[in-house]
Structures are given as structure tokens and as C-alpha cells.
Amino acid sequence: MSFTTADARTVAAILREAADQEILPRFRRLTSGAVRQKTSADDLVTDADEAAEKVIAAKLVQAFPGAVVIGEEAVSADEALLDRLDGADLAFVVDPVDGTKNFASGLTLFGVMAGVVVRGETVGGVILDPIGGDWTIAVRGEGAWTENADGYRNDLRVAKAKPVDEMSGTASWALLPEPLRSQLCANLPATRSAASYRCAAHEYRMLAGGHSHFALYAKLTAWDHVAGWLIHQEAGGHSARFDGSPYLAAHRDGGILLAPDADSWQALHAALFAGTEYARR
């Protein structure tokens, strides 16, 4: 089936409704019992995550009958749900609150994301900024843009290519295994700067808008990357897993590196992965 710009706007409206109903009323009002650990102190879930995901899932199925909805919190309860992603005629991959630790800490760097996959191919992505009140959209072959409720649209383009030592970006390296973790961190000073906002939603928006040059992620959870990956690609960017293979929505490991173009990716990869198992010979 096809996925259109009108469909993407329907998804955006659903994300915004869930944010208005279930996320924003809880922001900076969470009680201690409303925040819980999943796998670690850095991996949290809140009442807002769970309530918003239920609303989003129900409304997506209503708007797109027969669609498969794979939400982060549902997968936490049943990881086998991910097996449905690759073969579904239409699937939505949902992160109800991306940047949950920021949200639980009262920081405004959080977002709501939905990636759209048709028979294994990513065809749409929507990232909502509930605080800013706008959303970033990509539809395969139609570009990437940010728009708001007033209809204002801003087309997105990645940053112009620069030498590695002039590139600024984000790097999420904490979950890398050793010795790769230490080797990569030792190589990061080859860039101008590398930060982490603990929120892929905002990092992808920055990247696609040309406000940073690169991003590196160790963990390939689909809800963190499907929407943002397509937005970056439709904004003109280039990406691949650490071993150079193309990223697919069904991938669960292998890391991902994103850059302005293929030449920049090669130069950045050579600098960041020098001395590691991923060094290209």
C-alpha cells in the first residue's frame, strides 16, 4: 500500500492528541510512583509513556484498519511483537515519550515518534515536539519538513559537508561493548564536538535541519530510529550501520552512524573507528 503526506498528517494529529491528553498534563507533575525503572536507572517508564502509547495505538488502528502497531512499552512486555515488523503490510513503530529520563527530570527535551513501515520498507516518519508544538515529517520520495498547527512549513536539509575536525554532532556510546566503547571514546576528539541530549527525537530533528553534522547510536531499537532515519535520509543525509551495511527497520543491532553525505560518512567512520574491529581496510 502507499503512504501519503495526508496519511502522515493524520499520524501527526494522533501524536499531538495523545501528547495533549496524556503527556503534557503530567509534565513536571509526576509523583514518585509514576516513574519506574525498566532495565536500569537510565531506562525509565512513566505513567505518561504507557497512557500515551495506548491512545496512539488505538487511534492508529482506527485510522488505518489492519495496521500493526509496535510500541516501545508493548515490546517491553512482549519482545516477540518485533517479529511482526518485517512482514506487515503496514506497521507503525511508536515511541510514546522519547527522552523519558529528560521528561521525568522536568527537562523539555523529549518527543513523540512514529515510524511507518510497509512490508519491511520505511516509508514515513513523524516526530512531534510537544513543547514546541510542531512536528517533523518525512514521506519516502517527498522530502522532509517541519510544520505546525498554523500550516507553516519549513523544508529540511542536512548540513553542508565539512572536514571531520569541523564536524559537531551527537554520540550515544554508553551501551557499546568493550573494548569498542573505550576505543571510540578515545577517537571522538577527532571531531569538533560530540554531545548527547538523551533524546533521539531532538537529535534527529537537529541533524535533518542542518544544525549538527553527525549522530552515532550504539543501540538500534526500532522506535528510536525508524522515523528519524527516514527524516534524515529525505533531508539529503547518508547513513549506514557500523559495518557499512544499509540500515533497515528490522535491524536490532550493529549500531548506526549518520552524516551529511557518503564521503563525509567514510571520513567520519575512518576517524571514529580507527583501531577498532570496524576499521575499514
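**View 1. Side chain of Asp-129 and the backbone of Gly-132.** The side chain of Asp-129 comes to 3.2 Å from the backbone nitrogen of Gly-132. This is a predicted model, in which local features need pLDDT of at least 70 and side-chain atom pairs count only at pLDDT 80 or more, while totals for chains, interfaces and linings use all residues. Residues are numbered from 1 along each chain as its sequence is written, and side-chain values use heavy atoms, with hydrogens and water left out.

View 2. Asp-129 lies in strand β6, residues 121–129 (strands are DSSP runs of E, at least two residues, and helices are runs of H or I, at least four, numbered from the N terminus). Leaving aside residues up to four places away in sequence, Asp-129 touches Phe-110, Asp-134, His-202 and Arg-205 (contact means heavy atoms within 4.5 Å).

**View 3. Helix α6.** In α6, 8 of the 9 residues are buried. Among them are His-202 and Arg-205, both of which touch Asp-129. Just after α6, Gly-210 adopts a positive phi of about 80 degrees.

Technical notes:
A polar contact is a pair of N or O atoms within 3.5 Å; within protein, one must be able to donate a hydrogen and the other to accept it, and residues adjacent in sequence count only if both atoms are side-chain atoms. Buried means under 20% relative accessible area, exposed over 50%, partly exposed in between (1.4 Å probe, protein chains only).
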